[in-house]
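Colleague: I'm new to this one and would like a close look at a single part. Could you walk me through the salt bridges, and then show me what else is worth a glance around them?

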Amino acid sequence: MASIAVSEVDNTIDTPGRRTPLVTGDQTYASVTHMVSRISEESQPLIWWLTFAVAFPSLLMFGCLIIYLFLTGVGVWGNMSPVFWGWPIVNFVFWVGIGHAGTLISAILYLFRQNWRTSINRAAEAMTIFAVICAGTFPGIHVGRVWFAYWLTPYPSLNLWMWPQFRSPLLWDVFAVGTYASVSLIFWYMGMIPDLATFRDRSKSRLRRMIYGILCLGWSGSSRHWMRYEKAYSILSALATPLVLSVHTVVSFDFAVSQLPGWHTTIFPPYFVAGAIFSGFGMVLTLLIPVRAIYNLKHLITPRHLDNMCKIILATGSMVGLAYVTEFFMAWYSQNKYEYDTFVFRAFGPYWWAYWIMFTCNVISPQVFWFKVFRRNTILMWIVTIFVNIGMWFERFVITVTSLARDFLPSSWGYFSPTWVDIGMLVGSFGLFTTLFLLFCKYLPVVAVSEVKGVMSQHAHAEHRHGHGGDH
Amino acid sequence: MATNSSSEDLTLPGGWRGKAPMLLAVGLICVLLSAGMCYFVGGEENRSVGFSAFLHSYLANFIFCLSICLGGLFFVMIQHVARAAWSATIRRVAELLAYMIPWWLLLFLPILAMVWWTDSPALYPWNAGSGNVSAIVEKKLDYLNPFWFTIRVFVYFAVWVLCARYFFGMSRKQDETGDASITLKCQKWAGPGIIFTALATNFGAFDIMMSTDPEWFSTIYGVYLFAASMLSFFAMMIVSCYALQRAGRLQRQVNTEHFHDLAKFQFGFIVFWAYIAFSQFLLYWYGNIPEETQWYQDRMNHGWQYVGLVLIAGHFAIPFLGTMARKVRRSRPLMAFWGVFILVMHWVDMMFVLLPTDEIHFSGLLLIGHLVGWIGMVSVFLGLLIYRTGDTPLVAQRDPWIPDALAYQVGP
Amino acid sequence: MSEHQPKQKKIRPPRSFGWMAEYEDENQLLDAARKVRDAGYSRIDAFTPFPVHGIDEALNIRRTRLPWFSLVAGMTGTTVALLLQWWTNAFDYPYIISGKPYASWPAFIPVTFELTVLFAAFMTVFAMLGLNGLPKFNNPVFTDPKFDRATDDRFFLWVDSRDQYFNAEKVRELLEATGAKAVEEVWEDDSPTEVPKSIYAGIAVLILITLIPGAIVLNMRNSRSPYPRWHIFFDMDFQPSRKAQQPTTIFADGRVQRPPVPGTVARGELGPNDPFLLGYDPEGVAMGKGAAVNVQMVSYQQENSASQEPIEEPPAPPPPQPDTSAADDPQASATADASSEQAGEAPSKPAGDQAPTTAEDEGDAGAGPAAEGEPNYAWLERFPLPVDAELIEVGRREFEQNCAACHGLAGYGDGLVSRRATELAQGYWLQPTSLHEQRIIDQPVGRIYYTITHGKGKMAPYADALTPRERWAVVAYVRVLQRSQNARPEDVPADADLASARGDDTTNR
């Protein structure tokens, strides 16, 4: 019954009035279940182990570098006057940005009833959580005296008799990222409960059955449970949607409430959010293109899904471009000398290479998605998404470093150079991210099976109706 | 499942069409009346303030109407690009609103004429020309001068009109031919259309609205106009659908689910507007740089602060709580009420954004004058809308998505 | 219809919970559910691998009150956040930061929003689980191995035996009539209901282990230990930096404070015996005593002053001008008000150099006999720094601030303090010295500098109030005053445009 064809079926062709099938290859409910469950039940392919063999040592290196940092001090980084926010904050903003796609796909696309989200939302949410873990690490270790990081929480301290400073955007950040991480986690987990029950019911070994049985909290699939579950899902979506927007908004506030030229501009909140969605979708594609090839999920993550994601990347990339243009225009229009000079410095100063890498990768490279050939060919698509990731990292670099490098006093101007610890930590954070994602593939349902089945059912209904509807 | 039973009348109610000339007449009279009332705002000794107040009031009411049409244009293109099925039955109303845009260029011509033939700084202080403006504005005169301003305004309108005409024209063509490939064409061109319209709206907001205070600047300003446009458009859409249903049209095509969806969008944009407005305020309040805060200074003094408080409550808190419940969103009369409420608040918003200057202070006379002007502008709007719509059917009958839209049901 | 045979370990026979029918697709299930509902059964449920559209209506499932939980939790979050921020930042621990009010409501909004969402989201999930009665690991439906496919591709309809119309046989017939693939009776789960002791033990051990770090911390905070603590960050606990006057092991001499390296002068610093600071040359011989002029003094007088005398600024001042230059450029000495005009002129113009030449004009001041009790040093005859319009402007400012109160703006000793004191004291008040007395005019610049530095009579020392450079500036200004008050007609330049000078002056103010 579960015959998995290797050849791809092109479901990107539109027929107005007809819903495009989002699951191809004459799948049944059982075959879809099998397609996803087998990933966790069978042994992992060689490429999994090879990637793990690279990622896990990187993670260990990350841990060692963090210990080295704690024992030695933040001087091991390249952070130096006047660039006090160097790579750690660049990496933080980069990872938080990536962590936006998952909850966006699960929440916003859910509210917009974009059914194609179901094949990709699980992996995207997992990616979100891992990215937020990577992101949270950096400000955590950036506070200097990391053993006092708990001072950020508003607790009645009997020693200090003081409270955190709620007028500071950095504290807003603690609340925003903390809320986002915990709500994303619980959202992800809740979405996984029915699929964990599927895993439980398919398990052959007693231990596996027990572990997944506990994880799925004894889910039975009762319609009354489903009804509350769906309600909870839609409420969580409604809550998570503004939450997604708020997180990168607050991150942008970290910069924009200051008076630093290049940071203090009002478009930062929506611009950061658009950039975050952009980078998040870039990373989702970067991960999903190999995943669908390795685990043969081409009938669930169809060309249509990739096509849609490419279009979102194109749209958000253009929004980011619009923000760049607006910023530059307003730097001139404001006739604020410092603002204007900062932008000229960014584009034509010693950091010109960073600015133009950012601009090329973020604004120009996604424009190829206007052409269908790029939205169909997974290799080309994958290369573009790599460029998007690079570009977004450089965007954070350009914003953080170039504005700081030009202090108000020319005598204080500086040039930031990373140390080997900076580079090692960036690589190590990718190790952490990849390791977690590989473990996710191995142990948890990569695709939201129950939601895909719901979409299959809906599609069958629509086709049914179409058959009866006749012409007009 | 057939959509167009022959008995069904899909055009504007006849009674409405008869009212168009009256609406236009009332509108013109009210705008003149508003000019007269605003003229006395500055008092005996300062007549120029009165003239300035009228121009600001005219522009605010003008933007009130234009923004609704722009929202309609964005809506149409977004529906195409998202291949949305649910909105197929209501898209024509949005297309008709967007199709109005050429008329707004006509109504902007008086302002353009003033910019072109006089050097009055009453509305755009940069219009006074070199030597008569502050040092900062002096440096911007390469951009803010009558010649380039006029050119840019025409470019913005060209983009808007082109997009609006294209999508309206294609939809009308489909009415006749029923050709499904037209939908594909619309999908294809909606993407570039959105980009160009977004650019035009963004910079149009800078030029037409923000340059009334040429020293001040804010990069989010265009996004603010976009948020306000979409919100007021959804409110207008709800009100229009309700009114048309009351008049016996669209009975079958627009069901509770559509109202529910429009209400959800309206709710979403209430939050989005608040988000954008708050972001702009917070960043300037926190940064506390004089050249940026002076815009808010004008709006937090001389009586305008109360208008600001009304906005916080009426543009965000009250409708946010009011339209949160599913029961409200699915009740057509209640949503019609909230639609009107939002439209009124959108008017207050445009007043708050465009009226206050260091000279124009809040007063009862100004409020009444502005209100009369609004009534006039809205009458003109409705009159032109009815005139423009004419015999056009209010539903794109042969859109291939119509069956889906009719059978459409919201999930839990 | 294979009946599930529970193991007969229990004394009590297994209880039937109800009947379950299995369907292959959701449409069959929906039809069946409607039939069963229409037959009057209300305790019915369906088990499906995904939420089936329309099942709520088919099973008469009422809407949930879950949204109210979320709403209340969200509003609680809002309130908690606002109160927390107001109480901590505006009430309990108020302090001003970046000029913002204690209760900065705009700044409180982000955290308020986050906590609202946090509370509402967690409440939504936990209320959903609570209303669903989850986690519940023991469910009679799980006893049937067929039920494993309820999470895969099968749809089950369930009629509870507690339904008021329940009749096992009728229900079976009804379900079979709906076209079910299989209809089965569900039996009580006979597996032991107690959780094995080992699991309890495992949980207890886990809890204990997690408590250990906290317990250690608590213990350490509330006890004393004779042992030194364990230093993780050794170089932070024992930093090589020391406070002033403490000993150190880093340097051989054991001193924290480091003396300057012998034979060096720090950048921007002068030696303590520098004539610039003293106003006289400590190595020179006082001329007032008529002593022989030693070789050093001769070279000092003859050579370019800049080459020998240490000065603050590195560039060497221009060589001294001949006396005639004073007449060429009288503005320097005419009035300090004109200095702004001068500043605009070429900087190479040795505007200030007239001051020392003025001193020389007045004759060999240094050679005059020293008064009784006067210190007797080798007074500097020339300024040890370039005198230009800017310095004179500094001198004017400092003179008017510090000196003019007694000495008067023009230096006649008729300042406001002096006038008032004269009025009050009726003759007991000794008038401050007029700077235009010939005695003062004759004094070398170093002598005047010395007076300013150390004070004289009632006059307090100004070393603390004025930097050395400012003192020299005041000296220069005193010279300017002396020259201006004793000006000769030829001091006024022929082409002096007094009107325009005044005009410039007013625009500059």
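Modeller: Let's start with a term: a residue counts as buried when its relative accessible area is under 20%, as exposed when that area is over 50%, and as partly exposed in between. By that cut-off Glu95(B) is buried, since its relative accessible area is 1%. Keep in mind that you're looking at a predicted model.

So what does Glu95(B) pair with? Its side chain meets that of Arg91(B) in a salt bridge, at 3.1 Å from N to O. Arg91(B) is buried too, with 4% relative accessibility. Both residues sit in helix H3 of chain B, which covers residues 91–99, and they are four residues apart, or about one turn of the helix. In general, side chains of opposite charge can pair when their charged atoms come close.

Across all chains, the structure holds 33 salt bridges. One of them is between Arg224(A) and Asp45(C), with 3.8 Å between the closest N and O atoms. Arg224(A) lies in helix H8 of chain A (residues 223–256) and Asp45(C) in strand E2 of chain C (residues 44–47), so this pair joins two chains. Arg224(A) is partly exposed, at 24% relative accessible area, while Asp45(C) counts as buried at 10%.

Chain C has a pair within one helix as well. Glu393(C) and Arg396(C) form a salt bridge whose closest N and O atoms are 2.6 Å apart. They are three residues apart in helix H15 of chain C (residues 389–407), again about one turn of the helix. Here Glu393(C) is partly exposed, at 26%, and Arg396(C) is buried, at 19%.

For some background on that chain, chain C contains 20 helices and four strands. It has 509 residues, and 38% of them count as buried. If you take its contacts between residues at least 6 apart in sequence, 70% join residues at least 24 apart.

Back in chain B, have a look at a helix pair. Helix H2 (residues 47–81) and helix H4 (residues 101–117) have axes that come within 10 Å and cross at roughly 155 degrees. That makes H2(B) roughly antiparallel to H4(B). The crossing of H2(B) past H4(B) is left-handed. On the H2(B) side the contact includes Phe51(B), Tyr58(B) and Phe62(B), and on the H4(B) side it includes Trp104(B), Phe108(B) and Met114(B). The residues of this contact divide into 17 nonpolar, no polar and no charged.

The peptide bond from Ser81(A) to Pro82(A) is cis, with omega near 0 degrees, and Pro82(A) sits in the loop between helices H2 (46–72) and H3 (87–98) of chain A. Leu134(C) to Pro135(C) is a cis peptide bond as well, with omega near 0 degrees. You'll find Pro135(C) in the loop between helix H4 (105–132) and strand E3 (155–160) of chain C.

Finally, check His302(B), a residue other than glycine with a positive phi, near 55 degrees. His302(B) lies in the loop between helices H10 (290–299) and H11 (304–322) of chain B, and it is partly exposed, at 39%.

Terms used: Residues are numbered from 1 along each chain as its sequence is written. Chains are lettered from A and ligands numbered from 1 in the order in which they are written. This is a predicted model: local features need pLDDT of at least 70, side-chain atom pairs count only at pLDDT 80 or more; totals for chains, interfaces and linings use all residues. Side-chain values use heavy atoms; hydrogens and water are left out. Axes are lines fitted to C-alpha atoms, for helices over the stretch in contact, and angles run from 0 to 180 degrees between N-to-C directions. Angles under 35 degrees count as roughly parallel, over 145 as roughly antiparallel, 65 to 115 as roughly perpendicular and the rest as oblique. A crossing is left-handed if the near helix is turned anticlockwise from the far one by less than a right angle, and right-handed if clockwise. Contact means heavy atoms within 4.5 Å. Ala, Val, Leu, Ile, Met, Phe, Trp, Tyr, Cys and Pro count as nonpolar, Asp, Glu, Lys and Arg as charged, and the others, Gly among them, as polar. A salt bridge is a side-chain nitrogen of Lys or Arg within 4 Å of a carboxyl oxygen of Asp or Glu. Buried means under 20% relative accessible area, exposed over 50%, partly exposed in between (1.4 Å probe, protein chains only).
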